[in-house]
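Dear colleague,

Please find below the sequence and structure that I am handing over to you. My findings follow directly after them.

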Amino acid sequence: IEDLLQTLRQRYAPTDLYLTKSVPTVFEAANPKVNKGTAVRYLAEELLGIQPQHVMAVGDNWNDLEMLTYAGMGIAMGSAPLSVQSVAQWVAPTVEEDGVAAAIKTFLL
């Protein structure tokens with residue numbers, strides 16, 4: 001997967017093709033305007049009238065980077081790769097440790 005991603009990243013600019021991984025063994029290729037960050041932005045701003053500082057997003061993998069960066073409170077799961085954790089404002093416990101519930105309790109309740 002890494003070799004394939006490197007080859008495609010050399011061939012295509014990020015403005016031509018969005019490339020990421022969702023888990024270590026699966027890569028995603030899409031239109032560069034399509035990612036979880038643009039989807040959450042659309043839902044929040046266009047449909048609900050909510051600004052980014054009022055959005056909390058929780059993610060656990062590379063395909064969540066744009067979403068975590070967009071949200072005013074980006075939360076990475078404890079099992080997320082370190083590069084994902086590094087963009088988050090808070091790192092939750094792992095899925096097995098009910099990390100999403102901990103994030104909801106900490107920031108929403």
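Predicted model: local features only at pLDDT ≥ 70, side-chain atom pairs only at ≥ 80, totals over all residues.

Arg41, Glu45 and Glu46 are linked in a network of salt bridges, a salt bridge being a side-chain nitrogen of Lys or Arg within 4 Å of a carboxyl oxygen of Asp or Glu. Residues are numbered from 1 along each chain as its sequence is written, and side-chain values use heavy atoms, with hydrogens and water left out.

Salt bridges

Glutamate 45 and arginine 41 both belong to helix α2 and stand 4 residues apart, about one turn of the helix. Helices (H or I, at least four residues) and strands (E, at least two) are DSSP runs, numbered from the N terminus. Arginine 41 is partly exposed, at a relative accessible area of 30%, and glutamate 45 is partly exposed as well, at 26%. For these classes, buried means under 20% relative accessible area, exposed over 50%, and partly exposed in between (1.4 Å probe, protein chains only).

By the rule given above, the count of salt bridges comes to 4. One of them joins lysine 21 and glutamate 2, with the closest N and O atoms 2.3 Å apart. Because lysine 21 lies in strand β1 (residues 18-23) and glutamate 2 in helix α1 (residues 2-11), this pair ties together parts that are 19 residues apart in sequence. Lysine 21 counts as buried at 10% relative accessibility, whereas glutamate 2 is partly exposed at 39%.

Overall architecture

The protein contains 5 helices and 5 strands. Read from the N terminus, its elements run α-β-β-α-β-α-β-α-β-α. Taken along the principal axes, the C-alpha atoms fill a box of roughly 45 × 35 × 15 Å. Of the 109 residues, 33% count as buried. The accessible surface comes to about 6,700 Å², and 58% of this belongs to carbon and sulfur atoms; accessible areas come from the Shrake-Rupley method with a 1.4 Å probe, and for residues only the protein chains shown count as cover. Among contacts (heavy atoms within 4.5 Å) between residues at least 6 apart in sequence, 23% join residues at least 24 apart.

The sheet

An open sheet of 3 strands has the order β3-β4-β5, with parallel pairing. Its edge strands are β3 and β5 (90-91), each of which pairs on one side only. Two strands are taken to pair if DSSP finds at least two bridges between them. Strand β4 (residues 73-76) and β5 are joined in the parallel sense over 2 bridges, and alanine 76 has valine 91 in β5 as its bridge partner.

Two buried loop residues

Aspartate 64 is placed in the loop between β3 (56-59) and α3 (65-70). This residue is buried, with a relative accessible area of 2%. Its side chain is joined to that of lysine 36 by a polar contact of 2.7 Å. A polar contact is a pair of N or O atoms within 3.5 Å; within protein, one must be able to donate a hydrogen and the other to accept it, and residues adjacent in sequence count only if both atoms are side-chain atoms. Neighbours within four places in sequence aside, aspartate 64 is in contact with Lys36 and Gly59.

Asparagine 35 is located in the loop between β2 (26-30) and α2 (36-47), and counts as buried at 14% relative accessibility. A polar atom of its side chain lies 2.9 Å from the backbone nitrogen of threonine 38. Not counting residues up to four places away in sequence, asparagine 35 touches Tyr18 and Glu66.

A nonpolar surface patch

Val100, Ile104, Phe107, Leu108 and Leu109 make a nonpolar surface patch of about 480 Å². Patches are made of residues with over 30% relative accessible area and no salt bridge, like charges being joined within 9 Å and nonpolar side chains (Val, Leu, Ile, Met, Phe, Trp, Tyr) within 5 Å. Phenylalanine 107 lies in helix α5 (residues 99-107) and is partly exposed, with a relative accessible area of 32%.

With kind regards
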